[in-house]
Amino acid sequence: MSKKVNSTNLINKFKTNFKCPLCDQSIKVVNLSSVVCTNNHTFDIAKQGYINFMTRSVKSNYGKDLFETRYKLISESKLYSPLHEAVAQIIKEHIILTNPFIIADLGCGEGSHLHSIIDQIEENNIITGVGLDLSKEGILMATKNYSDFIWFVGDLARTPFTDTSFHVILNILSPANYGEFKRILVQDGLVIKAVPRPNYLKELREALFIDEKNSDYKNDHTVSLFEKNFQLLAIQQVTNSQILTKTDRENLVKMTPLTWSANRSRINSFIEQDSAEITLDLDILIGLNK
């Protein structure tokens, strides 16, 4: 079965969870090639299996190389594995898995976080993953590597999802739109947001920026805003340090915006050092949709 046919079947199966982002009307799959709403707004299903719901072009520094290296670092280095394990455990502890069970990763990038988390909690193949990102390049990478999920290019300000569509929303190191999150989550559904702590990638930041201070990452405002929208169940810290190979270090500097304004010689020095330990330091905000 081709990726397009597989994705089209999945989209058709869950079509009541999706809507037209232009007029909010229901959609249907037509000829296994597009989705059309009741007002005849039409969105093609790409041959790779995703749908682009954007009606305007968006300029971004997040290109193909960035997502390729991000995929390699996340899937091969295991630097983020403690995050995936923690999120999977949180879902197991707070949610009863029903059939069907749908998890959305909003701001999913190339999809590695969503795939790894579902892989940790999957029971009897009842979980369906849905990823949305503003970057077409990220979604192209996601469809290439994870064809058993549903992938959309779209805007968090106007998502193509109907009310109460998801049991869990993931928002990992990405901007959020809590109004949309509340609307598309089921009652008592979980929203799980990962944000940097002071020591996140501290070794890289110290290598690139002389005046770097750990105080750059303060989450007080983020937590306060989160609490205004959801019942805050807990904040869980995830910390991990790992030695990265030279290849891993090359992938890291290519995937992070930290290097966009950094001096090239400092970047090269970081890559070429004999050994480099990198720290993962994150807060996981766990919220209930009441």
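In helix 3, the residues Ser81, Leu83, His84, Ala86, Val87, Ala88, Ile90 and Ile91 are buried, where buried denotes under 20% relative accessible area, exposed over 50%, and partly exposed the range in between, with a 1.4 Å probe and protein chains only. The model is a predicted one, in which local features require pLDDT of at least 70, side-chain atom pairs count only at pLDDT 80 or more, and totals for chains, interfaces and linings use all residues. Residues are numbered from 1 along each chain as its sequence is written, and side-chain values use heavy atoms, with hydrogens and water left out. Helices (H or I, at least four residues) and strands (E, at least two) are DSSP runs numbered from the N terminus. The 14 residues of helix 3 should span 20 Å at 1.5 Å a residue, and the end C-alpha atoms of the helix are 20 Å apart, which agrees; the expected span is 1.5 Å times one less than the number of residues.

Buried positions in helix 2 are Leu66, Phe67, Thr69, Arg70, Leu73, Ile74 and Ser77. Viewed down the axis of helix 2, these buried residues fall within an arc of 165° and therefore line one face of the helix, the arc being that of the directions from the helix axis to the C-beta atoms. An α-helix has 3.6 residues a turn, so residues three or four places apart point the same way. Exposed residues Asp65 and Glu76 are carried on the face of helix 2 turned away from its buried side. The buried residues of helix 2 pack against helix 3 (81-94), helix 4 (112-121), helix 5 (136-145), strand 10 (231-244) and helix 9 (246-255), contact being defined by heavy atoms within 4.5 Å. Just after helix 2, a positive phi of about 65° is found at Lys78.

Strand 5 (residues 101-106) is mostly covered, with six of its six residues buried. Phe101, Ile103 and Asp105 are buried on one side of strand 5, and Ile102, Ala104 and Leu106 are buried on the other. Strand 5 pairs in the parallel sense with strand 6 (residues 127-133) over six bridges, pairing requiring that DSSP find at least two bridges between two strands. Within this pairing, Leu106 stands opposite Leu132 in strand 6. A parallel pairing over three bridges also joins strand 5 to strand 8 (residues 166-172), where Ile103 stands opposite Val168.

An open sheet of three strands has the order 1-2-3 and antiparallel pairing. Strand 1 (27-30) and strand 3 (42-44) stand at its edges with a single partner strand each, so one side of each lacks a neighbour in the sheet. Strand 2 (residues 34-37) and strand 3 run antiparallel and are joined by three bridges, with Val36 opposite Thr42 in strand 3.

A search of the whole structure finds 14 aromatic pairs. Rings of Phe, Tyr and Trp (its six-membered ring) pair if their centres lie within 6.5 Å; planes under 30 degrees apart count as stacked, over 60 as edge-to-face and the rest as tilted. Phe161 and Phe166 form an edge-to-face pair, at 4.9 Å centre to centre and 85° between the planes, and both Phe161 and Phe166 are buried. The ring centres of Phe226 and Phe230 are 5.4 Å apart with planes at 45°, so this pair is tilted. Ring pairs link Phe18, Phe43, Phe53, Phe152, Phe161 and Phe166 into a cluster.
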